[in-house]
Amino acid sequence: MNVATLIGQAEEALEEGDTETALRVGKQLIEARHTFGFEAVARAHHADGDDEQAFATLEQGVKEAPHVWTLWHLLGNYASDAEDYPRAFECYERALACDRVEADVVHLNYAADLHNAGRDDEVLARLALVKDPEYTTPVAVVAADALNALGRHQQALDGARQAIAAAPNDAENADLARLYCAIAEALRQRDDREGALAACWKAIAYDHDSERAMALIREVEAQYSGKARYFRLLIQGRGPNPEEGDAADQGFLMKCDVVADTPEEALRLIARFEPAEMRASLTIEETESVRSAEADQPKGVYWFSGRAFYQEDKG
C-alpha cells in the first residue's frame, strides 16, 4: 500500500474518531519514514486523552524531522492546551523558521496564546502579520479579546461589531459567538447590563455550549443565594437532530451543571438556553450529584454536555 493511501486512511480515521485505526496506520507511516505518521499518532493519542503519549510522539517527530513545520505547530498547540506557553511560543518560532510554512495560521495561534498568557500588549503586532483574508474573522476575535483585556473597550466593541457585519456566510459559529462575547464584555465594563445580556444570548444562539457566554451571563446577572446548591442534572428533551438533516424532532439527553436553590429553578435556568419551542419538553431525568455551592458562585448554568439523540421505540 502506498504512502498517499495510508495518509488518506489516517486522515479519514481521525475525522471519524477511529483512533485505533489512526494509531495503526500512523505507525505504518512512521515505519515508512513519512512524517505525517507522527502527526496521526499524536492526534489519535490526544483524542484518547493520552497527552503524555501525544507529546512524546511529537517530540520524537521534531527530533527526527526538525524541518517539518506542521509537527512544531501541533506540538505548540498541545503545549498551549497544557498552558505551557513558553514551550508553545518556542514551538511556534521553530515552525515559522521552517521552509514552506503556512505562516498565517501559526501567527494566529501565536497571537491567541499571547492573549491566553496575559501578554496582550504583544497580540496586535502579531496579528498584523496574518495576511490571508480567510483569517479575517478569527483575527478579529483575538483582537477584540486582547483589546478588552487592555481596557480598550470601545475599540473592542467597534472591532467586534465590524467583524460581525463583514463576516462571510461560512464564518465559524464559534468565532461569531466569541465576537458577541467580546461585545458583551465591553458593554459589561460600561455598566450596560441590558446590552451585555443581549449580546450573551446572541452568542448562545451561535454556540449553545459557550462557557464564556455562560460565565458572562452569570457575572452580569449576579444572583447569589445562601441556599444555592450545585446540581449535576441529566435532562431529557425533544428537538431537531442536526445530524439527521431534517427538522424531525427526536428525543435527546444532556447533562448540565447548574447552581440554583432547587432543581425546579435549575430547570428554568437551563430552559433559557433552548429555543422557545423546545422548552416545554425539558424534564429532569436524573439528579446525579448535589453539593453546596461556594459563596462566590452565582446562580446560573455552568456547563452543558452535548445532546445525545436517540431513536424512540415506536412499539
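**Salt bridges and their surroundings**

Modeller: Happy to! Let's start with Glu288 and Lys255, whose side chains meet in a salt bridge at 3.5 Å, N to O. This pair ties together distant parts of the chain, since Glu288 belongs to strand β3 and Lys255 to strand β2, 33 residues apart. Are the two partners buried or exposed, or something in between? Glu288 is partly exposed, with a relative accessible area of 33%, and Lys255 is partly exposed too, at 32%. Please keep in mind that this is a predicted model.

Now look for Arg307 and Glu274, which form another salt bridge, with their closest N and O atoms 2.3 Å apart. Here again distant parts of the chain are linked: Arg307 sits in the loop between β4 and β5 (308–310), Glu274 sits in the loop between α14 and α15, and the two are 33 residues apart. Arg307 counts as partly exposed at 32% relative accessibility. Glu274, with a relative accessible area of 2%, is buried, because buried means under 20%.

Arg87 and Glu90 form one, and their closest N and O atoms are 3.2 Å apart. These two are three residues apart in helix α6 (residues 85–96), so about one helical turn separates them. In general, an α-helix has 3.6 residues a turn, so residues three or four places apart point the same way. Arg87 is buried, with a relative accessible area of 17%, whereas Glu90 counts as partly exposed at 41%.

Ser80 is buried, with a relative accessible area of 12%. Leaving aside its neighbours within four places in sequence, Ser80 is in contact with Tyr85, Ala88, Tyr92 and Asp113.

Some salt bridges share partners: Glu185, Arg188, Arg212 and Glu219 are joined in this way into one network. The structure holds 17 salt bridges.

Other charges gather on the surface instead. Glu12, Glu15, Glu16, Asp18 and Glu20 form a negative surface patch. Glu15 lies in helix α1 (residues 3–15) and is exposed, with a relative accessible area of 67%. Across the whole chain there are 32 positive and 59 negative side chains, and the centres of the two sets lie 5 Å apart.

Of its 315 residues, 46% are buried. Among contacts with a separation of 6 or more, 60% come from residues 24 or more positions apart.

Technical notes
Residues are numbered from 1 along each chain as its sequence is written. This is a predicted model: local features need pLDDT of at least 70, side-chain atom pairs count only at pLDDT 80 or more; totals for chains, interfaces and linings use all residues. Side-chain values use heavy atoms; hydrogens and water are left out. Buried means under 20% relative accessible area, exposed over 50%, partly exposed in between (1.4 Å probe, protein chains only). Contact means heavy atoms within 4.5 Å. Lys and Arg count as positive and Asp and Glu as negative; His and the chain ends are not counted. The place of a charge is taken as NZ of Lys, CZ of Arg, CG of Asp or CD of Glu. Patches are made of residues with over 30% relative accessible area and no salt bridge: like charges are joined within 9 Å, nonpolar side chains (Val, Leu, Ile, Met, Phe, Trp, Tyr) within 5 Å. Accessible areas come from the Shrake-Rupley method with a 1.4 Å probe; for residues, only the protein chains shown count as cover. A salt bridge is a side-chain nitrogen of Lys or Arg within 4 Å of a carboxyl oxygen of Asp or Glu. Helices (H or I, at least four residues) and strands (E, at least two) are DSSP runs, numbered from the N terminus.
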